[in-house]
Amino acid sequence: AVRAEWDRRYADRGQLWSGRPNGALVAEVAGLPAGRALDVGCGEGADAVWLAAAGWDVTALEVSGVALERAAGHARDAGVTVGWVHAGL
């Protein structure tokens, strides 16, 4: 039921989020050496893609398959690799 609800939310709109990484994330990792990151509830993938572009090894988890398809497309467009996991918590 949770997957279906989130899939509907994403399917109803061409884009649910801004497509830009969260400012708090950007501020928190500024100056840190790239490492491994887990993005739980990654949505359309802006944070995961941004981290991967900065050299991080990213695994991103999302309950919505619709959102994950969009996120994977953004990663392809950016030329980065993210480990996408379709799952809920």
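Good morning. Helix H4 is followed by Gly79, whose phi is positive, near 70°. Helices (H or I, at least four residues) and strands (E, at least two) are DSSP runs, numbered from the N terminus.

The model is predicted, so local features need pLDDT of at least 70 and side-chain atom pairs count only at pLDDT 80 or more, while totals for chains, interfaces and linings use all residues. Residues are numbered from 1 along each chain as its sequence is written, and side-chain values use heavy atoms, with hydrogens and water left out.

What span should H4 have? The expected span is 1.5 Å times one less than the number of residues. For the 14 residues of H4, 65-78, this gives 20 Å, and the end C-alpha atoms are 20 Å apart, which agrees.

The buried residues of H4 include Gly65, Leu68 and Arg70; buried means under 20% relative accessible area, exposed over 50%, and partly exposed in between, with a 1.4 Å probe and protein chains only. Among the elements covering these buried residues are helix H1 and strand E2.

Let us turn to Ser64, in the loop between E2 and H4. Is Ser64 buried or exposed? Ser64 is buried, with a relative accessible area of 0%. Ser64 caps the N-terminal end of H4, with a side-chain oxygen 3.3 Å from the backbone nitrogen of Val66. The Ser64 side chain also reaches the backbone nitrogen of Ala67 at 3.1 Å. Setting aside residues up to four places away in sequence, Ser64 touches Trp6, Asp7, Tyr10 and His86, where contact means heavy atoms within 4.5 Å. Thank you.

Notes: Polar contact = N/O pair within 3.5 Å; in protein donor to acceptor, adjacent residues only side chain to side chain.
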